[in-house]
Amino acid sequence: MAIDPSRVPRFGHGSRVPGWDEAADLTKDPEGVPEPATTPVPEELRARIEEYMARYPDRRSAAIPALHSVQEHYGWCSPEGIVQAATVMRLTPAYLTAVATFYDMLFMQPVGTHDIYVCTNISCSLRGADDLFAAFHEHAGDDPDFNIRSFECLGACDIAPMISIDGDYVGPIAPDEVPEVLDAIRSGEEPFPERQMKNRKSTDPNA
Amino acid sequence: MTETLLLKDIDEPGLHTLEVYERRGGYEALRKALGMSREEVLHELEVSAIRGRGGAGFAMGKKVSFLPKGQMDKYLVCNADESEPGTFKDRELMQKNPHMLIEGMLIAAYAGGINRAFIYVRGEYQLPAERLEAAVEEAKAAGYIGERVLGSDLSLTMWVHRGAGAYICGEETALLDSLEGKRGNPRLKPPFPANQGLYQGPTLINNVETLYTAPVIIRMGGEEYAKLGTQGSTGTKVVSVSGHVQRPGNYEIELGIPSRDIIYGLAGGPPEGRSVKLWFPGGSSAPVLTGDDLDVPYDFDSMAKAGSMIGSGAIIVADDSTSVVDVALKTAKFYRHESCGKCTPCREGTNWTVKMLERVDSGEATPMDLDIMAAVCENIIGNCLCVLGDAMAMPIGSMIAKFRPEFEAHIEAARARAELVEAVA
């Protein structure tokens, strides 16, 4: 089986879609652009989204940056946050939801505070990334603080197998080093500073 | 090769700051370009015959010349959504030398009469995006980006736009949709972006590495640049070598050198006692080659003749300890996940292929399934709006064609194992 059904988050009614067992109210109008007067938006969030909108000839271009900002503010693309972004951008929440569901880095469900992306694409998996991903699952799969995901090629095959911790690339990591990595993150440190991408001195692997 | 052009100063500490970049001769090519006429700059780019480094290999100079002339909003989009599995050249360049990209974009914008530029960086690239954003701010403060750059008639705005994790957004029209704030679905072509691209305006889209080459071409002259490499594939190229090699990394090579020199010479080849079983010459979308093809020269035309492609310049090597079924399954699963779902052959074809490969892996398949898989691949190629489906079909098709006995043996062995388990239970 490609997908393990027990690991797919589902609602009580058994579906991944919220409210699928409730009949649609056909007499109700579709949700329009939220009313600014009655939708409070945190000032900081509004300022950021407005700054993004000013960069583009079309305000809709700011959709992804705005959703990133919502995610930073609330930890995920919460319905409340999407309505607020829609208020600022003068779009319907449905438009932003449609965009958010397309992209892998925008989360429609609450996730752990630390994003750990394990690259499991070809180059990394040739060097043992599947075992590394399994080790992360074993050690922290049920830890609500971590958002552990196997990810498409992260573009760092020179340090394969590698992971991205909240955006910082580090590698290579062996499966038995996983507890050390997790402990470092828990205590707010950078695991393996010498193997962090940003600390690497040389491009040339022969150097 | 005697000297590198793109990776020359790459390890200079602090190269990502304007101060160090200028000390190393940065923005001199821009000054030189602005001293020339737009036509002369375009001519240099055309004479250099540089082909796009993103995957399709289209001549850059030609692409610029397709832009309509005249006064209107024209757009330059730098495709920094480097997601092709095995490719990490753009990341290295952007995180260490962001100013050179800006310089290249300024030169391209000048040649094409462009006034708005965007850099679309993939969401996962945090460090490169931060460095680029800082570099753009520095360049704005220093007067390289803005109104009437260095007193010339080039005026340009530039923004770094961060994506949110979607392989398909590396496809140029999907990237434009994503940049317009939509789901990243590819568009029907024609109209091509040069006529109707971003916000329906004329748009030039180039890969990061292609734009990095613009300052090099201006500095040394198009004709001189064209002397490097082969006739059909001029210049140098940064190749990312990964997988089962001893020294994975980025190497700048002159196009046309034997592939063996890259895999064995530069990257050290597979570990002791192992040999190359199969390799992708240009990212996981390229048809695979085997250990017998190591002497194929690494350039666009020779690779095409050998039945594969340079693509993004990512060489992924798998040694003889690798099961080809595993590689095929991994590849197919990736494309299934990344298919945007707009076109049926790709959306369904990638899913069917994964299901059939899983049957192969578990021993439930028959050799006939291999024929069905090959037929599915044939029905994907050329039948979608973009080449994502083709990018799965080509490597999978080539693996089945080249390693069919191994697929068949794998089915037999897996079935025997399954029967044994059943008998014991």
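Two residues are said to be in contact if their C-beta atoms, placed from the backbone, lie within 7 Å. Helices (H or I, at least four residues) and strands (E, at least two) are DSSP runs, numbered from the N terminus.

The model described here is predicted: local features need pLDDT of at least 70, side-chain atom pairs count only at pLDDT 80 or more, and totals for chains, interfaces and linings use all residues. Residues are numbered from 1 along each chain as its sequence is written, while chains are lettered from A and ligands numbered from 1 in the order in which they are written.

## The two chains

A residue counts as buried if 20 or more other C-beta atoms lie within 10 Å of its own, as exposed if 12 or fewer do, and as partly exposed in between, with C-beta atoms placed from the backbone.

| Chain | C-alpha extent | Buried residues |
|---|---|---|
| Chain A | about 65 × 45 × 30 Å | 38% of 207 residues |
| Chain B | roughly 85 × 45 × 35 Å | 58% of 425 residues |

Chain A has 7 helices and 4 strands, which follow one another along the sequence as α-α-α-α-β-α-α-β-β-β-α. Chain B has 17 helices and 9 strands. Among contacts with a separation of 6 or more, residues 24 or more positions apart account for 58% in chain A and for 71% in chain B. The radius of gyration is taken over C-alpha atoms, and the globule rule is 2.2 Å times the number of residues to the power 0.38. For 425 residues a compact globule would have a radius near 22 Å, and the 23 Å of chain B agrees with this.

## The sheet of chain A

Two strands pair if DSSP finds at least two bridges between them. In chain A, 4 strands form an open sheet with mixed pairing, in the order β2-β1-β3-β4. Strands β2 (146-151) and β4 (168-170) of chain A stand at the edges with a single partner strand each, so one side of each is left without a neighbour in the sheet. Strand β1 (residues 114-119) of chain A runs antiparallel to strand β3 (residues 163-165) of chain A, and 3 bridges join them. Here Tyr117(A) stands opposite Ser164(A) in β3(A).

For angles, axes are lines fitted to C-alpha atoms, for helices over the stretch in contact, and the values run from 0 to 180 degrees between N-to-C directions. Helix α6 (residues 129-140) of chain A lies across β1 and β2 of chain A, at about 150° to β1(A).

## The sheet of chain B

Chain B contains an open sheet of 5 strands with mixed pairing, in the order β6-β5-β9-β7-β8. Its edge strands, β6 (249-254) and β8 (289-290) of chain B, each pair on one side only. Thr236(B) stands opposite Glu254(B) in β6(B). Although β6(B) is an edge strand, 5 of its 6 residues are buried, so β6(B) is largely enclosed by the rest of the structure.

Strand β7 (residues 276-280) of chain B runs antiparallel to β8(B), with 2 bridges between them. Trp279(B) stands opposite Leu289(B) in β8(B). Helix α11 (residues 259-266) of chain B packs on the sheet and touches β5 (236-243), β6, β7 and β9 (314-319) of chain B, its direction making about 55° with that of β5(B).

## Buried regions

In helix α5 (residues 89-96) of chain B, 8 of the 8 residues are buried, so α5(B) is largely enclosed by the rest of the structure. Among them are the charged-type names Lys89(B), Asp90(B), Arg91(B) and Glu92(B). The buried residues of α5(B) pack against β1 (75-80), α6 (98-112), α7 (126-141), α9 (208-220), β5 and β6 of chain B.

A nonpolar core is a set of buried Ala, Val, Leu, Ile, Met, Phe, Trp, Tyr and Cys residues joined through C-beta atoms within 7 Å. The largest such core has 164 residues, and those with the most contacts inside it are Leu67(A), Val77(B), Met105(B), Ile107(B) and Trp279(B). Its largest share, 10 residues, comes from α6(B). A second, separate core of 30 residues includes Tyr117(A), Val118(A), Ala129(A) and Val181(A).

## Where the chains meet

The contact takes 41 residues from chain A and 49 residues from chain B. On the side of chain A that touches chain B, the elements giving two or more residues are α2 (63-74), α4 (93-100) and α5 (122-126) of chain A.
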